Amino acid sequence: MFSQFIPAESTEQQPDAKLQIWAKLVLIVRKDVDNNKYSQDTNLNEVIIRNYVKNIGVDAFFQCTNIKKVTFEGLNTKIQICAFDGCTGLKTLTLPSQLEEIPDGMCRNCVALTRLTIPNS
C-alpha cells in the first residue's frame, strides 16, 4: 500500500492524508471509504473521519491492529458491517451523533475497547 506523508498545513489539498506526528500515523479521511480500503494496515494509530464523509465500507479497517483511536467528526456517516473488526488495539471510538444503527460486527474482536462515545444528537 502506498502511504503519503505530508506536513499538517497541506492536508486540506489531499483527499485522504496520512500524517506522521510524534512517531504515530494519523489518517485523516476526507472521502467515503471503500470496502477493505485500509484492511490490515498496521501503520495506522489514529483515524479522524471528517464531517463530509458519508460511508465507511465493509471491513474498511479490518485487522488494523495498531489503531488506538477513531473519531467521527460528522453527524450521519453510515458505518457498514465489520468496519473495525479485528482492531485489537482500538481503545477509544467516538461515533457520529446521528448514527441510525450500530452495524453487526462493527467492533468485533476489539478487545482493548474501553471507551465508546455516542454523542447526543
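1. Gln-40 sits in the loop between S2 and S3, and its phi is positive, about 60°, although the residue is not a glycine. Asn-36 belongs to the loop between strand S2 (24-29) and strand S3 (46-49). Its phi is also positive, near 60°, in a residue other than glycine. For background, most residues other than glycine have a negative phi, and most peptide bonds are trans. Asn-36 counts as partly exposed because its relative accessible area is 43%; the classes are buried under 20%, exposed over 50% and partly exposed in between, with a 1.4 Å probe and protein chains only.

2. On provenance, this is a predicted model, in which local features need pLDDT of at least 70 and side-chain atom pairs count only at pLDDT 80 or more, while totals for chains, interfaces and linings use all residues. Residues are numbered from 1 along each chain as its sequence is written, and side-chain values use heavy atoms, with hydrogens and water left out.

3. The protein has eight strands and zero helices, and the order along the sequence reads β-β-β-β-β-β-β-β. Both element types are DSSP runs numbered from the N terminus: strands are E runs of at least two residues, helices H or I runs of at least four.

4. Of the 121 residues in the protein, 44% are buried. The protein exposes about 6,600 Å², of which carbon and sulfur atoms supply 46%; these areas come from the Shrake-Rupley method with a 1.4 Å probe, and for residues only the protein chains shown count as cover. Among contacts (heavy atoms within 4.5 Å) between residues at least 6 apart in sequence, 20% join residues at least 24 apart.

5. How many aromatic pairs does a search of the whole structure find? The search finds three. A pair requires ring centres of Phe, Tyr or Trp (its six-membered ring) within 6.5 Å; planes under 30 degrees apart are stacked, over 60 edge-to-face, and the rest tilted. The rings of Tyr-38 and Phe-61 are stacked because their centres are 5.4 Å apart and their planes lie at 10°. This pair links distant parts of the chain, 23 residues apart: Tyr-38 is in the loop between S2 and S3, and Phe-61 in the loop between S4 and S5. Tyr-38 is buried at 4% relative accessibility, and Phe-61 is buried at 0%.

6. The rings of Phe-61 and Phe-84 are likewise stacked, since their centres are 5.4 Å apart and their planes at 10°. Phe-84 lies in the loop between S6 and S7 and Phe-61 in the loop between S4 and S5, so this pair ties together parts that are 23 residues apart in sequence. Phe-84 is buried, with 0% relative accessibility. Ring pairs join Tyr-38, Phe-61, Phe-72 and Phe-84 into a cluster.

7. The count of salt bridges comes to two, the rule being a side-chain nitrogen of Lys or Arg within 4 Å of a carboxyl oxygen of Asp or Glu. In one of them, Arg-50 meets Glu-73, with the closest N and O atoms 2.9 Å apart. The two residues are 23 apart in the chain: Arg-50 is in the loop between S3 and strand S4 (55-56), Glu-73 in the loop between strand S5 (69-72) and strand S6 (78-79). Arg-50 is buried at 17% relative accessibility, whereas Glu-73 is partly exposed at 39%.

8. Arg-108 and Asp-85 also form a salt bridge, at 3.3 Å from N to O. Arg-108 is in the loop between S7 and S8 and Asp-85 in the loop between S6 and S7, so the pair ties together parts 23 residues apart in sequence.

9. On the surface, Ile-102, Leu-116 and Ile-118 form a nonpolar patch with about 270 Å² of accessible area together. Patches take residues with over 30% relative accessible area and no salt bridge; nonpolar side chains (Val, Leu, Ile, Met, Phe, Trp, Tyr) are joined within 5 Å, like charges within 9 Å. Ile-102 is located in the loop between strand S7 (92-94) and strand S8 (115-117). Ile-102 counts as partly exposed because its relative accessibility is 46%.
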